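Biologist: I would like to see which labels apply to this model and on what grounds. Could you take me through them?

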Amino acid sequence: TDETGTGTWQNARIEPYGPIQMDPAAAVLHYGQEIFEGLKAYRHADGSVWTFRPEANAARMNLSARRLALPELPEELFLESLRRLVSVDADWIPEGDGAALYLRPFMIATEAFLGVRPSREVSYRVIASPAGNYFGGELKPVSIWLSTKYARAGIGGTGEAKCGGNYAASLIAQMEGEAHGCKQVLFLDAANDNAVEELGGMNVFFVFKDGSLVTPALSGTILHGITRSSVIQLGRDRGLNVQERKITLDEWRDGVASGDITEVFACGTAAVITPVGELKSETETIGSADAVAGPVTLSIREQLLGVQTGAVEDTHGWLTRLA
Ligand code: PMP
């Protein structure tokens, strides 16, 4: 790295998919010094291939890099790595209802040493995998488990970085949720009066009867979701009163009971937008497993997915052509 923390990147190449060789003392294997990103490439009707807001992924990867003491990757190199991979993998892009090629850029610390310090050698790679609709088939409301025992992030921690350790910390809560029939886990923000934070892999939104669209404010522990920021923009476009603020479990419970909250949905690259049916915990259930997706959820989803797949005009310049 140079004095700005920017790496000199060498040896860029396409390799056939397969195992990678690493020294058993590579820092990533012991200290978890790694970061990653996730985005999707969609094939449009004319055969061209596009991705959604990749500059935002590049910026977020650099935010993660700074937090994990890894070198930053210039945006142009990030975009170039996606273009080069998609140029050889374009045939793997599935067609149809929301199907895409999922792209997974990641950076790992490869220097071999035992002792805790930043690695001086880093490997950046991108892999790809065909992806269908995240929760499979039709748009069913997802059941969420409320994690009361475990946090995925703490103040000053790595919550807003996209690093493996956050997900390692979330697995046990995820298992607990699955044992209770839930596909996602809701984490609370212990540093912020146990306010609603985010799901294991998605951000969360609330639609109020009065036309407000509310999502937890970025507090330092929440991932800066790119779908989240897009939903905020689309909400403003339609004249909703979008608020990034603290929302407590009490407000969620009372809002659903009184009818002030009319819809809850979760969003992320993988599933785009998914209605939330119920929130379950050891002691209570908020909402209902067989709730139907509400009109705001459905219409924002249709617009977002439409832009991504090329069916709806991209008025915000969110798309970048990859092939
Ligand atoms: N929160 C977490 C913890 C996530 O893993 C993800 C998926 N990247 C999100 C939110 C949603 O972010 P995005 O919209 O950028 O996919």
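This is a predicted model: local features need pLDDT of at least 70, side-chain atom pairs count only at pLDDT 80 or more; totals for chains, interfaces and linings use all residues.

Biologist: What makes strand 10 and strand 11 a pair?

Modeller: Pairing takes at least two bridges. Strand 10 and strand 11 (residues 241-244) have 4 bridges and run parallel, so they count as paired.

Biologist: How do you know that strand 9 and strand 10 pair, and in which sense do they run?

Modeller: Strand 9 (residues 203-208) and strand 10 (residues 212-215) are joined by 2 bridges, and at least two are needed, so they pair. They run antiparallel. F206 has V214 in strand 10 as its bridge partner. The hairpin has 3 residues between the strands, and G211 takes a positive phi near 90 degrees.

Biologist: Which element gives the largest share of the shell around the ligand?

Modeller: Helix 5 does, with 3 residues. The residues around the ligand include I226, T227 and R228.

Biologist: What makes G38, G201, G225 and G268, which are among the residues around the ligand, count as polar or nonpolar?

Modeller: Gly is placed among the polar residues, so these count as polar. By class the shell has 7 polar, 3 nonpolar and 2 charged residues.

Biologist: How many helices and strands does the protein have, and why is it called as compact as a globular protein of its length?

Modeller: The protein has 7 helices and 15 strands. Its radius of gyration is 20 Å, close to the 20 Å that the globule rule gives for 323 residues, so the description holds.

How values were computed: Residues are numbered from 1 along each chain as its sequence is written. A residue is near a molecule or strand if its C-beta atom, placed from the backbone, lies within 6 Å of it. The radius of gyration is taken over C-alpha atoms; the globule rule is 2.2 Å times the number of residues to the power 0.38.
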